[in-house]
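Please keep the sequence and the model open while going through the points.

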Amino acid sequence: MIVLLVALVAWPVGLLIWANGLLQHTPALSGAAGTPGTTYLLAGTDARGDDGGIAQDGTEGQRTDTILLLHVPQSGPTAMISLPRDTYVEVPGHGGAKLNSAFAWGGAPLLVQTVEGLTGLTIDHYAEIGMGGVSHLVDAVGGVNLCYDGDVHDPDSGMVWTAGCHDVDGQAALSFARMRKADPQGDVGRALRQRQLIGAVMGKVSPGSLAFDPGAQVALVDAGTGALTFDEDAGVLDVARLALAFRAANAEGGVTGTPPIASMDHRPGGIGSTVLLDPDATPAFFAAVRDGSLPPGQVGGVPGS
């Protein structure tokens with residue numbers, strides 16, 4: 001009995017120490033004064049030639065097609081807000097541009113500064129996941145069930161889908177998360193599917209489902225730490241809090257969606273079509289996210305839909 005008790009205590013402690021040593025870090029945070037609550041920024045990146053990501057196509061460096069703001073207020077519902085990659089913003093040192101240009105020009109630090117300027121929220125922790133890592137994470141949890149109400153055959157993303165819900169492996173989940181051109185709602189529709197995928201993965205990694213499966217615990221830690229890169233201050237407990245925040249945002253009492261959008265085809269000149277956030281409603285929206293005063297449920301979306 002004593003040996004069993006020691007093993008039950010030692011295993012999770014050892015797993016935490018091992019996981020903490022595997023975490024990958026990158027400079028990201030701005031050092032700005034904190035704002036109430038805890039704010040996370042998650043960027044999904046496509047590295048050319050990345051395992052499972054986009055094949056080499058002549059494009060230099062990385063881009064971010066997924067930008068999620070996750071905020072846990074001091075009181076009120078946790079909010080997970082998708083920031084469309086083509087959102088027209090002021091990028092420090094560069095002027096007006098698309099949001100994902102900040103990452104292309106200055107990596108995580110410039111993306112963090114740009115999002116802070118847009119939202120008025122200080123980013124406490126940053127996480128970056130390569131698109132190839134999505135496939136490994138899904139496979140590590142044994143696949144997920146995803147739903148989409150249309151037939152799709154999209155060569156760009158590789159998504160082949162018959163309307164309805166299906167159990168999928170990592171590669172199919174990656175295509176599901178990347179598809180954009182065949183979606184009538186474009187980036188906003190893709191954001192909906194990405195949030196669905198996050199919710200599905202979180203549902204498979206519930207503490208109850210993993211408590212008595214050490215092999216699954218090790219596989220998940222290995223896949224997660226291999227796929228994710230965190231800010232310079234993050235430790236394994238911060239990663240655990242991030243996972244809990246994702247779960248809370250996707251639960252019945254959470255908030256998910258986009259900021260208020262005025263136009264999906266704003267053309268300021270020189271950079272093509274952009275997403276224009278409502279200049280009147282957006283500041284109050286992010287203040288409500290910060291204060292936890294948004295009602296639970298879906299917010300934002302494509303104008304008129």
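Does Asp-183 count as buried or exposed, and at what relative accessibility? The answer is in point 4, after some background.

1. Overall make-up. This is a predicted model. The chain contains nine helices and 16 strands. Of its 305 residues, 49% count as buried. Among contacts with a separation of 6 or more, 65% are between residues 24 or more positions apart. The exposed surface comes to about 13,800 Å², of which carbon and sulfur atoms supply 58%.

2. Nonpolar cores. The largest nonpolar core has 39 residues, and the members touching the most others are Leu-70, Val-144, Leu-146, Trp-161, Leu-197 and Phe-246. There is also a second, separate core of 29 residues, including Leu-83, Leu-121, Ala-288 and Val-289. Leaving aside residues up to four places away in sequence, Val-144 touches Val-138, His-166, Asp-167, Val-168, Leu-197, Ala-200, Val-201 and Lys-204.

3. Helices α4 and α5. The axes of α4 (residues 170-178) and α5 (residues 186-204) come within 7 Å and cross at roughly 145°. On the α4 side the contact is made by Ala-173, Phe-176, Ala-177 and Arg-178, and on the α5 side by Arg-190, Arg-193, Gln-194, Gln-196 and Leu-197. Sorted by class, this contact has four nonpolar, two polar and three charged residues.

4. Asp-183 and Arg-193. These two side chains meet in a salt bridge, with 3.1 Å from N to O. Asp-183 sits in the loop between α4 and α5, and Arg-193 in helix α5, 10 residues apart. As to the opening question, Asp-183 has 8% relative accessibility and therefore counts as buried, the cut-off being under 20%. Arg-193 is buried as well, with a relative accessible area of 2%.

5. Arg-85 and Asp-187. By the rule applied here, the count comes to nine salt bridges. In one of them Arg-85 pairs with Asp-187, the closest N and O atoms being 3.5 Å apart. Arg-85 lies in the loop between β4 (79-82) and β5 (88-91) and Asp-187 in helix α5, so the bridge ties together parts that are 102 residues apart in sequence. Arg-85 counts as buried at 11% relative accessibility, and Asp-187 is buried with a relative accessible area of 11%.

6. Asp-187 and Arg-190 are three residues apart in helix α5, so about one helical turn separates them. Both are buried. Through shared partners, salt bridges join Arg-85, Asp-86, Arg-180, Asp-187 and Arg-190 into one network.

Key. Residues are numbered from 1 along each chain as its sequence is written. This is a predicted model: local features need pLDDT of at least 70, side-chain atom pairs count only at pLDDT 80 or more; totals for chains, interfaces and linings use all residues. Side-chain values use heavy atoms; hydrogens and water are left out. Axes are lines fitted to C-alpha atoms, for helices over the stretch in contact, and angles run from 0 to 180 degrees between N-to-C directions. Helices (H or I, at least four residues) and strands (E, at least two) are DSSP runs, numbered from the N terminus. Contact means heavy atoms within 4.5 Å. Ala, Val, Leu, Ile, Met, Phe, Trp, Tyr, Cys and Pro count as nonpolar, Asp, Glu, Lys and Arg as charged, and the others, Gly among them, as polar. A nonpolar core is a set of buried Ala, Val, Leu, Ile, Met, Phe, Trp, Tyr and Cys residues joined through side-chain atoms within 4.5 Å. Buried means under 20% relative accessible area, exposed over 50%, partly exposed in between (1.4 Å probe, protein chains only). Accessible areas come from the Shrake-Rupley method with a 1.4 Å probe; for residues, only the protein chains shown count as cover. A salt bridge is a side-chain nitrogen of Lys or Arg within 4 Å of a carboxyl oxygen of Asp or Glu.
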